[in-house]
Amino acid sequence: MTTIYFVRHAEAQGNTEKRFNGITDSPLTEKGVKQLEPLAERFKEIHLDAVYASPLSRTMQTAEAVNRYHGLEIIPEKGFIEIDGGSWEARTMDEVAKEDPELAMLWGRDPASFKAPGGESVEEVFDRTSEALLKVIRENSGKDIAIVSHGCALRCMMCFLATGDLSQMNMPEWSENTAVTKVTADDSGKAEFIFKNDGSHLTGELVSRNIYKIVNGVNEK
């Protein structure tokens with residue numbers, strides 16, 4: 001069995017501004033940078049054989065914190081990049097909800113059916129993240145690894161490991177910034193969740209609450 005620590009990137013500018021920053025390379029906020037210290041300390045005594053990350057700067061910077069006490073090469077993996085939001089990229093959720101309320105509600109209510117204009121469907125994200133995940137698991141069979149990724153991409157991977165069924169996309173919860181999920185999985189993807197979405201290393205003002213969705217045409221946290 002391979003042990004996997006999934007980590008969502010630290011708070012980024014797009015999170016606080018409630019923008020649909022999929023492949024947009026949004027920088028970390030001041031709080032996001034501060035979140036990296038307790039994250040690094042959390043991983044100080046955790047054995048890791050490899051660290052993988054989406055190639056965007058917010059995930060690579062977060063991966064550097066995970067790797068601070070391990071000295072491993074951080075391996076960029078394009079398969080773990082966030083959903084391509086097409087014409088929604090870098091726009092606020094309020095803007096896109098006003099422009100296309102029905103599509104915006106799909107993002108919150110039925111993400112398995114979502115695809116932004118000119119962008120990538122959640123089904124496509126599910127397929128590519130699952131393929132990349134299985135490849136990484138098989139390359140690291142029996143080892144301990146960390147994967148640093150994004151909200152939608154992580155949700156797709158959690159859904160794949162938990163059910164293998166895209167229609168169950170609403171079952172996994174959104175991960176908070178720097179939250180950790182620990183899973184053991186075999187080479188076929190059969191998995192056991194040890195814990196989910198654990199941000200206990202963050203306290204006080206470092207805790208982020210920026211997971212939002214469109215409900216009845218309204219942008220809600």
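**Exercise 1. Which residue lies over the face of Tyr-69, and at what distance from the ring centre?**

Solution. Apply the criterion: NZ of Lys or CZ of Arg must be within 6 Å of the ring centre and within 35 degrees of the ring normal. Lys-44 lies over the face of Tyr-69, 4.9 Å from the ring centre. Over the ring of Phe-193 sits the charged end of Lys-196, 4.9 Å from the centre.

The model is predicted: local features need pLDDT of at least 70, side-chain atom pairs count only at pLDDT 80 or more, and totals for chains, interfaces and linings use all residues. Residues are numbered from 1 along each chain as its sequence is written, and side-chain values use heavy atoms, without hydrogens and water.

**Exercise 2. State how helices α2 and α3 pack.**

Solution. Helices here are DSSP runs (H or I, at least four residues), numbered from the N terminus.
- Step 1: α2 covers residues 30-43 and α3 covers residues 57-66.
- Step 2: their axes, lines fitted to C-alpha atoms over the stretch in contact, are 7 Å apart at an angle of about 40°. Angles run from 0 to 180 degrees between N-to-C directions.
- Step 3: angles under 35 degrees count as roughly parallel, over 145 as roughly antiparallel, 65 to 115 as roughly perpendicular and the rest as oblique; α2 and α3 are therefore oblique to each other.
- Step 4: with contact meaning heavy atoms within 4.5 Å, α2 contributes Val-33, Leu-36, Leu-39, Ala-40 and Phe-43, while α3 contributes Gln-61, Thr-62, Ala-65 and Val-66.

Terms used:
Helices (H or I, at least four residues) and strands (E, at least two) are DSSP runs, numbered from the N terminus.
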